[in-house]
Structure formats: C-alpha cells, structure tokens
Amino acid sequence: MNTERITDDLQRLLSLLPASVGRVLEQDDHSDQLLEVVLDLGRLPEARYPGRSLALGERLLERKDLEEMVDRLGQFGADNRAGIERTLHRISAIRNRRGDVVGLTCRVGRAVFGTVAMVRDLLDSDQSLLLMGRPGVGKTTALREIARVLADELQKRVVVIDTSNEIAGDGDIPHPAIGRARRMQVARPELQHQVMIEAVENHMPEVIVIDEIGTELEAQAARTIAERGVMLVATAHGNALTNLIKNPTLCDLVGGIESVTLGDEEARRRRSQKTVLERAAEPTFPIAIEMHSRHRWAVHDDVARTVDLLLRGQSPRPQERELTEDGSVRLVDSGVPNSPRAPQRRPALAVVPLPNPETGSTRDSHRRDEETGGRDRDAETLRVFCCGISRQRLEEAVRCHRWPVQAVDDLSAADVLLSVRQGLGCQPDLRRQAREAEVPILVIKSDSLPQVERALERLLSRRPRAGDQPLLPTSGSELGRADALAALEECRLAVEQVVMPEGRPVELLPRSDVVLQMQADLVARYRLRSDVYGPSDQRRLRVFPP
C-alpha cells in the first residue's frame, strides 16, 4: 500500500492572501511541502517549510493588507481561529490590546492517507489511544485518518469532538477526510469537556475522537467516558509520557501520581526510601504513542507498566515503528515484554550521531577495546551509560547543544555512568559492576532536561586534551566527590523531611564505608542516632528519630 497525500485545495487559501504574497507562492515549486504562511504587521511575509523558512517579496505588510484579508475571512471564533468552509486550512489571529488584528498564521491543512498503518493493529483492540508529540508533527492528521478508518473500515459509531474545526474543517458539513464519522462542534473552547459528556449521553458512540486535551476538566471527562466503556482516541500536550507524569493537570490521563509511605519490609525489598511516588489508578489511556516524526512513532502498549517503571527510576523500552516509503511498517526496536514475569532488561540507548568537535579523547580505552573485540572507538566522543534517565531526555540535550556525546548500552564500553539519585538504589548490581569495570559514576537529582544538560556540560568541560592525564579516575575524583555529595544530600533530606518531623526511622541507599562514615557524622550533627546494616556489599545507614 502506497502512502497517498491529498492537499485540500491550496488555491483557496492562496486566494485569501494579499495579492503580492499569493503571486510568489503560486510560483513556488515546493508548495506541496508548505506548512504555514505568517503575516505580521510591519514585517515581510514568511512561508514556512519543514526545516526552513522563506521571505515572500520585499514589501512590508501594512495594516490594510491584514484588514482586507480579515474581511474576506469573516468572523473569528472565541479562540481567535477562523477557517475556510469544506477545507482543513486554519487561520489564527494575533491581536493587540485594543483587539485589532496585527498578525495572522495561515496553516495549511492536508488529509494524509496511509499513516494509520503505523497503529492499524491497535485499533482492533478497542483500547483507548493517546497521541503525543511536538506541534506540527502530525497529531491532528493522524486523528483524522484514525476516525475515518474506525468509522468506514471497522464500522464503528464514531463521534469527533471538533473544538476548533481543525479535524473536520470549517463549515457545517464535515470534510470527507473523516469518512462516516459524525462531528460535534464546540461553541467555546472552555466548553469542550461538556460536549464530550454530551456526546456520550445523547448519541451512543462507540468511539470518541478528541483533539488537544489540555485542562483538568477535560482529563476528568475523558476518565468518565472511558469508565462507561467508550473507546477514546485523543491527543494531549506533551512530547512524551514523562511530560504527562510531571504535569499535575494531565497526569490523571496516565493514572495519576500519589506519594505513598512503604512499610519497613517493602522498603527493604525495593531498596528504596520509605516515601515513594506511585501510580494512583489505572490509566485512562492503556495505550500511548509518542510521535517523534511523521514517519517514526514509539508505542507504549502498556501505559500502566511504563509509568510504574518511570516512577521507580527505570527506563522503559517502547516499540519503535517506522513507516517506509512503500507504505509498509518496519519495527525498529521491539519493546520489553509486558508480562510481569519477564526478566528485566538493562535500559538500552541508541547511538546519537554527532558532528566532530575539535576536542581530545576522554580516557584511555585500550583495555576495553580488547574486551569488546577491538572495535574502533571515536576518541572525540564521550560515551555515557544511563541509569534511570530516559533515552529521549539524553538525545534532546545532545541535539540541542550538538555535543560529542554517545549513549551506549554496554557498561564496559562507557566512559561514565550517569544515574538519577534513585536509579542505582534500584539496581545495586549495576553499581558493583561499575566499580569492577572502573567506570566512574555521576549522580544527578532527577532526569529533567536542565539536570542532564548540566551534567553533560560538566563532563565535557573537564575533558582532557591529547597527552593530558585521564580526566575521570575512579577514586578521589570530582565524580567520586559528586557521588558522596549526593549521598549527603540524601541523608539531609531524610533527616529534615521524615525522621525529625514525622518521628520515623529511614534507611538510606547502600554506600561505601567512607561515604557511610560521612553520613553518620552528618546525622550526629543533628543529635540523632544511626547504625549500619546489611552485608558487606550492601551496607547502608539507618537513621533513628530522637
């Protein structure tokens, strides 16, 4: 099956633009790739394409140009959006304080057939589906085709909640791109949650399609609909599941997050602190899709398990799917088995291709080259093994700064082990393997983008030039001190947030004898009592209340 793209009458959009702008675009040979046209008062009009933008003419836009275009468009909605009837184009207005239009964004709407092949097998499961991704990656386009396939091919009763007329186009007659699916328009954006409930109560749908769940009321309405046995297909603000988990407004879509106090035995079994974050309920959407690009999606087919792994500092491995040029779907990376009895795999990170900077190697790797079969190593690249840090977070930091960093899935091939604070506590064997392989450890507070960026910047700033002494020794180094500081911070937080205010003992993570003594000295300064427990390779400090 070949991918077919249908552009919804681009000429109708061009006819609304100022004459000088329309003439330039009509002569463009790449109009099939046009994303949007930006018109701002007092600036050159601009056409935007994937990865580039193009100035249209040499005449600055005047107020009368915008006024004439607004007159041709007609009335804007409460969300400052307007459309062209029976098309998918969308025009959004920017207003000044007096309410006058001073800018317009004219977004080209296209119906694309073929992308639903990426998730065609998931539609047969009747489970709710959540799409995530950055703006412009094609979420609404995917929603449109999913609605058509569910209504026409699977013969389901589908209702589309179209708040801004972006899914089914402007006007009272829906665009043919949604097939036989019915469309309910929303008078004002803040009423979307009410229309969602109304659709279930009045029209007996089997599937409801929603674009942009963005408020707490809409998240609650989605849960209500799912509990009534109706399948949901929706998009949400956020690039990945980690964004939703950290979003207090939308985290209910993936089950919600709550703080739980564990019993002593359970905390010892998990090798964690007694107060942890856990999923509060079953997710509204059992399946989630991260859209990295128009042709590469990551599928989380068990959102509950994925959220549990993320909250425990572990990295899930979603199923990566890619749409090839001939319209077939290629499996790039199979995910971790969802069975609870399946053995846990160590998180694997893909190599990130990067430009070659003018820097030297980070450490002598001759010994590990022999262990890994004598592979050639790029001496200019810092190799990082991650624990509890998502692949997307590391790649995002690397791409943003174009750093010479490469993520590896073999600890013996790494220059450094980068971990979140609770990551090594959940995997004590990994800490032991790092010590045996003489791989230094750097611990950060969380897997947030700023924390990862600061850690990588610190590592790269201390890289040696050719002929320098190794930067990352395993004892007495900056990284060793960083690990000790993280242990002391863990101890301080336990004392000040649990032991003293709540009067409960806390057992800290396993540490070396030197670090344990430092933690004990810190506890003594609070005039508290502590003791060391556990076998020689799992010795940890327990702090007692006064």
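How much accessible surface does the protein have, and what share of it belongs to carbon and sulfur atoms? The surface comes to about 26400 Å², and 46% of it belongs to those atoms. Areas come from the Shrake-Rupley method with a 1.4 Å probe.

This is a predicted model: local features need pLDDT of at least 70, side-chain atom pairs count only at pLDDT 80 or more, and totals for chains, interfaces and linings use all residues. Residues are numbered from 1 along each chain as its sequence is written, and side-chain values use heavy atoms, with hydrogens and water left out.

**Whole protein.** Colour by secondary structure. The protein has 17 helices and 26 strands, taken as DSSP runs (helices H or I, at least four residues; strands E, at least two) and numbered from the N terminus. Of the 546 residues, 50% are buried, that is, under 20% relative accessible area.

**Select 192-203 and 216-227.** These are helices α6 and α7. Their axes, lines fitted to C-alpha atoms over the stretch in contact, lie 8 Å apart at an angle of about 15°. That makes α6 roughly parallel to α7 (angles under 35 degrees).

Show side chains. From α6, Gln-192, His-193, Met-196, Ile-197 and Val-200 meet α7 residues including Leu-217, Glu-218 and Ala-221. Contact means heavy atoms within 4.5 Å.

**Select Val-24.** Val-24 sits in helix α2, residues 19-26. Val-24 is partly exposed at 31% relative accessible area (between the 20% buried limit and the 50% exposed limit). Leaving aside residues up to four places away in sequence, Val-24 touches Leu-56 and Gly-57.

Conventions
Buried means under 20% relative accessible area, exposed over 50%, partly exposed in between (1.4 Å probe, protein chains only). Axes are lines fitted to C-alpha atoms, for helices over the stretch in contact, and angles run from 0 to 180 degrees between N-to-C directions. Angles under 35 degrees count as roughly parallel, over 145 as roughly antiparallel, 65 to 115 as roughly perpendicular and the rest as oblique.
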